[in-house]
Amino acid sequence: MTDYKKQRNLILVLLFITVVVNYMDRTNISVAATAIKGEFGISTEAMGLLFSAFFLPYAILQIPGGIVADFVKGRILYPILLVGWSLATVAQGFATSFLTLVGARATIGIFEAPTYPTNDKIVTNWFPRDERASAISIYTSGQFLGLAFLTPVLAIIQDSLGWRGLLIVTGLVGI
């Protein structure tokens, strides 16, 4: 195997891992939801708002995120995004109110929005045209494999460390 092919494979493994971390930090709130609801006395409707706090900025910033990905190299942009959403995930563990939780969730959405455009840009730069679809399918599978295998792990972490510990640990994994 050539060095270039080894580098491409390493890039693909790293993209896969970041997608797993990305989805872990998106979904950890679902594992923690019941405990958060109880601690803060949040209604079911308010929990819906908390879940939505991620998706609104995430959706709105997809196109601007793609534009940023076109102008900023992935090796510069990706660490900023990964550390940004990971710090916001950790911040959730220190939330003192429902509003600080909403703010942290929105911040995760802001930092995660450019990740898929950046992933696609990286694949476009590193893989020949006839290998791009396969590469994209491999890193994208990280979201489903991550959810399938990590959800029980997240539940165990929460059982051991509480919901705050869960959010702090999962944020630290990204950092």
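1. Helices here are DSSP runs of H or I with at least four residues, and strands are runs of E with at least two. On that basis this predicted model has a secondary structure of 7 helices and 0 strands, and the order along the sequence reads α-α-α-α-α-α-α.

2. As to overall dimensions, the C-alpha atoms of the protein fill a box of roughly 55 × 30 × 20 Å along the principal axes. The radius of gyration is 17 Å, which agrees with the value near 16 Å that a compact globule would have with 175 residues.

3. Turning to the interior, buried residues make up 45% of the 175 residues. The largest nonpolar core holds 42 residues, and the members that touch the most others are Leu15, Ile36, Leu50, Trp85 and Tyr139. Two or more residues come to this core from each of α1 (3-40), α2 (44-60), α4 (74-93), α5 (98-112), α6 (115-126) and α7 (129-174), and α1 gives the most, with 11 residues.

4. Ile36 deserves a separate look: leaving aside residues up to four places away in sequence, Ile36 touches Ile29, Gly41, Ile42, Met47, Leu50, Leu101 and Trp163. Leu50, named in that list, is also one of the core members with the most contacts to other members.

5. Among the contacts in the protein with a separation of 6 or more, 80% are accounted for by residues 24 or more positions apart.

6. Regarding the surface, the protein exposes about 8,900 Å², of which carbon and sulfur atoms supply 71%. There are 12 positive and 10 negative charges, and their mean positions lie 7 Å apart.

Notes: Residues are numbered from 1 along each chain as its sequence is written. This is a predicted model: local features need pLDDT of at least 70, side-chain atom pairs count only at pLDDT 80 or more; totals for chains, interfaces and linings use all residues. Side-chain values use heavy atoms; hydrogens and water are left out. A nonpolar core is a set of buried Ala, Val, Leu, Ile, Met, Phe, Trp, Tyr and Cys residues joined through side-chain atoms within 4.5 Å. Buried means under 20% relative accessible area, exposed over 50%, partly exposed in between (1.4 Å probe, protein chains only). Contact means heavy atoms within 4.5 Å. The radius of gyration is taken over C-alpha atoms; the globule rule is 2.2 Å times the number of residues to the power 0.38. Accessible areas come from the Shrake-Rupley method with a 1.4 Å probe; for residues, only the protein chains shown count as cover. Lys and Arg count as positive and Asp and Glu as negative; His and the chain ends are not counted. The place of a charge is taken as NZ of Lys, CZ of Arg, CG of Asp or CD of Glu.
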